[in-house]
Each structure stands twice: as C-alpha cells, then as structure tokens.
Amino acid sequence: MTIRSMINIIRHPAVIAAAALLSLGSIVSAPAHAQSAPFYKDKTIRIIVGFTSGGLYDQYARILARHMGKHIPGNPNIIVQNMPGAGSLSTTNYVYGVAKPDGLTLGMPGSGIYLDQLLGRKEATFDVRKLSWIGSVDQRDLLLYMRADARWKSIEDVMNSKEMPKCGSTGTSDLTTIVNNVLEETVGVKFQEVRGYPGGVEIDLALEKGEIHCRGTGITTHFAREPYFTWHKNGFDRHLVQTGNKKDPRLADAPTLVELMDKKKTSAFSRSVAKVMLVSATLGRPMIATPGMPADRIKILRDAYSKAFKEPEVVEEAKKTKLDLEVLGGAEVEAQIREVMNQPKEVVERVKKLSE
C-alpha cells in the first residue's frame, strides 16, 4: 500500500468518526479513574480551646469533636487541645498567624477577642475581619454575681461604697471586664479587677477561697454546671445585675441593665458604648479558622458545625447537662464582627479609656 493510500484511509470520514468516539470515551472515563478521595479523609482536625479544661468552652468543643466529623466528607478524626493564655489571645494568635490555612486547625477563643483588636492591644497580632468564622453556640446575656456573704448586698451598695469589690477575670476581653466596664460607663459604678486567671474554673475557685468577691459570666453558664448547682442550693452567691433587656426568670433578684440605665438617665452615647462591648454576649462561644482557607472547606466546616448541634444525641445530652444549643451561623457571626469593628472613632476611644 502506498503512502498516499494510507493517508486517504486515515482521512476517510468513518475512520475520523471512530477516532473521535474513542477520544470522547477516554475523556468521559478519565474522571472515574482520576477522582480523588475527600480532602479530610484520614486527616485529623484540632480544635484549640483558649481556656482550661472543664469550662463550657471546653465542653462545647468536646461535643463537636465527637459529632462534627461525621458530617465532613472523609469523616476525619477531631481532637481537642487546650491553650489558655491572656484571655484566649494565645489561641487566636496561633490560629491566625501560625496554623496552616488548610482547614485542619480550628479555634474556640473568647467571644470578646474583637475588643482586644479594637483596643489596639499589642499582644493581639490578628485581624478578626480576616479570620474564617465557622459559627457560634450559646448566645447569652451576662450576669455579675458575688459571694452572698460579701458586704455589698446590691448594685446600689456598690455604687454608694468607697471600697470597690474585687472581681476576677482572664484579661481585657473577659466577660467580667466587659460587664464591669459597661456598668462604669452607663451607671458610674466601679469595681477593682483582678486579671490573669487562666479560665473560669480558676476564677470560681478563687471566689470560693475568698481571694475575690465577684465575677461576670454568661447567664447560661451560671445555670449549666458546677459549682453553680451547689452554690444555688447552699445560697453561696448573690446576683447583682443582668444585661438582658428582659429579666431572666431565674434571676428575679437582679435588676436589668436597662432598668439601671433608665433610672440613671444614661445618655445615648454611653448606651452605644455599652452595645459595642456587649456584642461579645451575642456572639456566644465562637469557632474560628485560619485566614485564607479555601471557600469550599469553610462551607464544609460551617455546615458540619450546624449539623452536629442538631443531632438527637447532642440535643438529649444538652437537655441533661443544661447546655444551650442555639447556633449562630458563620456568615452571621462574620457580619456582626464587621459591623462592630466599624464603629465611630469617639465610641472606640471611650471603650479604650474604660479598658485602661
């Protein structure tokens, strides 16, 4: 056969069509052979908690460690590590600046970390607007409580006293600090703050020992675990003030912040300052991930986070242990963070002044 004859055969329409079909078949079948396993298969995710073990942040993290992985393609293993320090600044700095942006390192810092950045703390080497926000659980109002045997029997007693009660906190973004600053700004009452405790468990222990008199915390926390169950039975603590617009039925003895502000005729400006600081309560107990993560992994983690807290087993556990499971989605948390970080200069300056 001549070369010309071979060329003519190759150019024949039937040959060309057959070649095209073979080529198409190889393209169609290629993905079946090339399809890779889910990214999270055989991987381990770390949830780094910014406080010591035993507190509610730690409890929520361990619920997620047991249940979140089954909602992630590849069913990764999830472990919890505690990294207390500077009111969870250590955890936030680590997730932001050290961990790889691969979706394998998550953090549970205090909900007030935005205040550390807003206040310009040099230790805060992160930008909350660039973090990946996965979601938040346990949105709550705040409470300031005190040993029942302390000399101050009401918030009015503290207002009229020359001696300031000592309140314990982990740092500038701690709920104790936030409640105290809000009360100073809105109704003029001051407390002496003792900072540096690694977590809420240690603060409560200090209160039992008599090192301090008071602490601020979430209302849900105060009715969810020990030592509060025992305290309430024994009448150990007294409730001074709550930050919700409406009274929590469990705190009939504590006036609301709104009631106090109305009585004091607090200015609109001071109320705005209080609102900025109290966003921390609205955020609950957030989960963060590193900046620069692939969008598809952020979505996977956000979906898994929400689904984990809806599992019947988790709901049943929460009922028994009195844990709140109200979840705020990652996109909502991110929107609130951006809003609170975009405050008028005079409001930010006032918040800074209060936190000095």
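Predicted model: local features only at pLDDT ≥ 70, side-chain atom pairs only at ≥ 80, totals over all residues.
View 1. On a 1 Å grid over the protein atoms alone, a cavity is a set of points where a 1.4 Å probe fits but cannot get out, and its lining residues have an atom within 4 Å of a point. Grid points are joined across faces, edges and corners, and the volume is the space filled by probe spheres set on the points. For the largest cavity that volume is about 310 Å³. There are 27 lining residues, and those closest to the cavity centre are Phe-51, Tyr-57, Gly-200, Arg-215 and Arg-285.

A word on reading these views: residues are numbered from 1 along each chain as its sequence is written. Local features need pLDDT of at least 70, side-chain atom pairs count only at pLDDT 80 or more, totals for chains, interfaces and linings use all residues, and side-chain values use heavy atoms, with hydrogens and water left out.

**View 2. What the lining is made of.** Helix 3 (56–67), helix 8 (200–209) and strand 8 (214–218) each supply at least two residues of the lining of the largest cavity. Strand 8 gives the largest share, 4 residues. Helices (H or I, at least four residues) and strands (E, at least two) are DSSP runs, numbered from the N terminus. By class, this lining has 16 polar, 6 charged and 5 nonpolar residues. Here Ala, Val, Leu, Ile, Met, Phe, Trp, Tyr, Cys and Pro count as nonpolar, Asp, Glu, Lys and Arg as charged, and the others, Gly among them, as polar.

View 3. Look for Arg-151 and Glu-163, whose side chains meet in a salt bridge at 2.5 Å, N to O. Arg-151 lies in the loop between strand 5 (142–147) and helix 6 (155–159), and Glu-163 in the loop between helix 6 and strand 6 (166–168), so the pair ties together parts that are 12 residues apart in sequence. A salt bridge is a side-chain nitrogen of Lys or Arg within 4 Å of a carboxyl oxygen of Asp or Glu, and by this rule the count comes to 19. Arg-151 is exposed at 54% relative accessibility, while Glu-163 is partly exposed at 39%. Exposed means over 50% relative accessible area, buried under 20%, and partly exposed in between (1.4 Å probe, protein chains only).

View 4. Lys-299 and Asp-303 both sit in helix 13 (residues 295–308), 4 residues apart, about one turn of the helix. Their side chains meet in a salt bridge at 2.8 Å, N to O. Lys-299 is exposed, with a relative accessible area of 53%, and Asp-303 is partly exposed at 32%.

View 5. Six strands, in the order 2-1-3-10-4-11, form an open sheet with mixed pairing. Strand 2 (77–82) and strand 11 (327–329) stand at the edges, each with a single partner strand, so one side of each is left without a neighbour in the sheet. Two strands pair if DSSP finds at least two bridges between them. Strand 1 (residues 44–49) and strand 3 (residues 105–108) pair in the parallel sense over 4 bridges; there, Val-49 stands opposite Met-108 in strand 3.

Definitions and conventions: 1 Å grid on protein atoms, 1.4 Å probe; cavity = no way out; pocket = protein on both sides within 12 Å on 5 of 7 lines; lining within 4 Å.
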